[in-house]
Amino acid sequence: MKSSRSEIYTVSSLGLTVDKYIVNAVTILIAFLLVFFMLFPLYKILVMSFFSEGVLGLENFTLANYVRYFGTPRIAKSLYNSFYVSIMTMAITTTIAFFFAYALTRTTIPGKGFFNTVAFMPLIAPSIIQALALILLFGRNGLISAHLLKADWSIYGAWGIIVSEVLYCFPHALVILYTTLSAVDARLDEAAESLGANALQVFWKVTVPAAKYGLLSAAALTFNLTITDFGNPVVIGGNYNVLATEIYAQVTNLYRFDLGATVSVILLVPSVAAFMFNYYVTRKSFALISGAARPFIRPSRPFRKWGFTLYCSLVSASIILVFVTVVMGSFVNVWPYDWSLTLKHFRFPSLGGYAAIWTSLWISLLVGFLGAVFTLVAGYIVEKKKPFGVQLLYLLSVMPAAIPGLVLGLGYILAFNRPYYLFYGTPWIIIICVVIANFTLGTLSSISNIKNIDPSIEEAATSLGSTSISTFARLVFPLSRVAFFQNFVYFFMRSMTTISAVIFLVSATVHLAAIEIIWLDNDGWTASADAMATCVIAIVLVMLGLARLLMGRGGKHLMGGGGG
């Protein structure tokens, strides 16, 4: 009997030891992939910007590239331009999103479900769609500017970028502010009113201070999204150069990889600073969230109710107008002269054509699956297993959010453009880049979901001899399937719509639909660019519909899950 117990104890100890090695091995593997595909490209960019070519390669430290950048007024102005449009976009977007979130959480306006759905529509399309719509409406030959108002002006330039970025960043800011205002206890407002404060005093002295960290977080995120965006500025910016377009111009037009790397480092500084600030205020915001917050809202007074209804209607109408304009632009014969319907714009006059759509589709499916798997495993290790070095793994997992996609893509060129990297120039490098670029939100979403799994379930499985692999496969994954599918849809959407991260990685044999939109527009085929954007939107909508059918009620928040 003692021998039998001893054997059981020995087998159990051996199992725990093997289990520990497996967890450590998976932790090291994920950490290695993040270091190799995230930090290594950044290292190559830093080397290229700070070192000049010597006899043995890049060996001489120099600041010549930075002297050249700041010493050339036309190029150096891109830094000022980026800060200007980013700050203006940040202020406008945060204000609009705050009042929109306030209307959804603190008033009894009708149609909240409709407004909420419309607000997240920009997430299903490439960021470039806002610029395309504004050009059709307010461009040099725009429907409103040139034909209705007969005005001698166009939307190209700084304000074109700002307006398009406001429309693009709005749902991202709304996610944060909606969550913040929903979590803050509404009884604080009632207490202030009972003490004699009027509605305006309650708003400025109670509601706004209670949501200050949410406002700061939304502002930081909007700033980061704007300063790193490439799609809108390259289409509607005209001669107004920003950091993102300057990187692209230096690399693709002038073949100055050293200056491209230098501008990338300059862009990296405000991006990382905004990320760190956002991370700080997000942690601080937890202190103001009350577990006793009540969802009940008293009926709003008529003026307040219909005033906010009108406000939300105007914002929603602006978003709908963007999508309607682009879709109509893809079907009408000649915008805005001949409104007869045609399908000729869907015969894409480019090298990619429908092949680019097919490539984007299967790449996005792989990105969705691999991204959802890796982030769920990473979240499980960070939250449940906590092996040695778990803090390093968590840090590496959240770092991609601080790196502009354009910078990461350029880093891939500098790091992996070698014959022995067999994945370079193939679709696999795009798959890897998109997964890494969006790793942060997927991991945080997985951690949040795994936190809700009762630890006693896993403890019971362990006591019955279950290993980490079997526990993950039989318990954690089934209990996390909704989060898994949400992450799958998120990665799929990001892969279909992303531009910045992959603009440098497409090749003569690998075409992507989102990039084809830019090429078509640059070559003057604006209607075909609209048609390509319409195809991308349709594919994403079909995927969202399939996900909702598969997940039932569990998939009802998939649209909101894309706000990263």
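This is a predicted model: local features need pLDDT of at least 70, side-chain atom pairs count only at pLDDT 80 or more; totals for chains, interfaces and linings use all residues.
Good morning. Let me begin with a pair of helices. Two packed helices are described by the angle between their axes and the distance between those axes. Here the pair is α3, residues 73-106, and α4, residues 112-119. Their axes come within 10 Å and cross at roughly 150°. Angles over 145 degrees count as roughly antiparallel, and therefore α3 is roughly antiparallel to α4. The crossing of α3 past α4 is left-handed.

Which residues make this contact? From α3 they are Phe100, Ala103 and Leu104, and from α4 they are Lys112, Phe115, Asn116 and Ala119. Sorted by class, the contact of α3 with α4 has five nonpolar residues, one polar residue and one charged residue.

Let us now consider α4 by itself. Phe115, Val118 and Ala119 are its buried residues. Because they cover an arc of only 100° around the axis, they lie on the same side of α4.

Is Thr325 buried or exposed? Its relative accessible area is 2%. Buried means under 20%, so Thr325 is buried. If we leave aside neighbours within four places in sequence, Thr325 is in contact with Ala133, Leu136, Leu137 and Trp335.

Thank you for your attention.

Conventions:
Residues are numbered from 1 along each chain as its sequence is written. Side-chain values use heavy atoms; hydrogens and water are left out. Axes are lines fitted to C-alpha atoms, for helices over the stretch in contact, and angles run from 0 to 180 degrees between N-to-C directions. Helices (H or I, at least four residues) and strands (E, at least two) are DSSP runs, numbered from the N terminus. Angles under 35 degrees count as roughly parallel, over 145 as roughly antiparallel, 65 to 115 as roughly perpendicular and the rest as oblique. A crossing is left-handed if the near helix is turned anticlockwise from the far one by less than a right angle, and right-handed if clockwise. Contact means heavy atoms within 4.5 Å. Ala, Val, Leu, Ile, Met, Phe, Trp, Tyr, Cys and Pro count as nonpolar, Asp, Glu, Lys and Arg as charged, and the others, Gly among them, as polar. Buried means under 20% relative accessible area, exposed over 50%, partly exposed in between (1.4 Å probe, protein chains only). The arc is that of the directions from the helix axis to the C-beta atoms.
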